[in-house]
Amino acid sequence: KQGKYLMQLLRELAREDSNVSNVRGFGLMTAFDLPNNKFRNDFVIEAVKRGLVVIGCGMQGIRLIPPYIVTEKEIDEAMDILKSSLEACSSPLFQHKGPVCEFMECGESHA
């Protein structure tokens, strides 16, 4: 039930945001693609900064694997974080920095 709900929301997100494509999954194991590797890496860091741990997969993929006891409310909260992270990373002036960037050793120079 929750996997179907998550897939429905991810498909809606792909229709709303051209950066999201190739939504796929089985049950609660879901994934989608972002435009390129840099955008994906920025997105992973931004999502973590906002409280959602996502996993990069392949060159431009994002994998979501919530616990099987996840609630609709928690899925909605995760989707809000996904949307706000996408919005932040889409800004032409976007630059990640701070403790999470340092912890994840993003390798970006922000001087």
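## Exercises on a predicted model

Leaving aside residues up to four places away in sequence, N19 touches D33, L34, P35, F39, L86 and S90. The coordinates belong to a predicted model, and the exercises below are to be read with that in mind.

**Exercise 1.** Determine where N19 lies, whether N19 is buried or exposed, and which side chain N19 joins through a polar contact.

*Solution.* Begin with the location: N19 sits in the loop that runs between helix 1 and strand 1 (21–26). Next, take the relative accessible area of N19, which is 18%; because buried means under 20%, N19 counts as buried. Finally, look at the side chains, where N19 and S90 are joined by a polar contact of 3.0 Å.

**Exercise 2.** Compare the span of helix 3 with the expected value, and state which elements its buried residues pack against.

*Solution.* Helix 3 comprises 19 residues (72–90), and from its first C-alpha to its last it reaches 27 Å, close to the 27 Å expected at 1.5 Å a residue. Its buried residues are I75, A78, M79, I81, L82, S85, L86, A88 and C89. These buried residues pack against helix 1 (2–16), strand 2, helix 2 (37–49) and strand 4 (61–64).

**Exercise 3.** Identify the residues that make the nonpolar surface patch, and classify M29 by its accessibility.

*Solution.* The patch, of about 440 Å², is made by F26, M29, I55 and I65. Of these, M29 belongs to strand 2 (residues 29–33). Its relative accessibility is 48%, so M29 counts as partly exposed, a class that lies between the 20% limit for buried and the 50% limit for exposed.

Terms used. Residues are numbered from 1 along each chain as its sequence is written. This is a predicted model: local features need pLDDT of at least 70, side-chain atom pairs count only at pLDDT 80 or more; totals for chains, interfaces and linings use all residues. Side-chain values use heavy atoms; hydrogens and water are left out. Patches are made of residues with over 30% relative accessible area and no salt bridge: like charges are joined within 9 Å, nonpolar side chains (Val, Leu, Ile, Met, Phe, Trp, Tyr) within 5 Å. Accessible areas come from the Shrake-Rupley method with a 1.4 Å probe; for residues, only the protein chains shown count as cover. A salt bridge is a side-chain nitrogen of Lys or Arg within 4 Å of a carboxyl oxygen of Asp or Glu. Helices (H or I, at least four residues) and strands (E, at least two) are DSSP runs, numbered from the N terminus. Buried means under 20% relative accessible area, exposed over 50%, partly exposed in between (1.4 Å probe, protein chains only). The expected span of a helix is 1.5 Å times one less than its number of residues. Contact means heavy atoms within 4.5 Å. A polar contact is a pair of N or O atoms within 3.5 Å; within protein, one must be able to donate a hydrogen and the other to accept it, and residues adjacent in sequence count only if both atoms are side-chain atoms.
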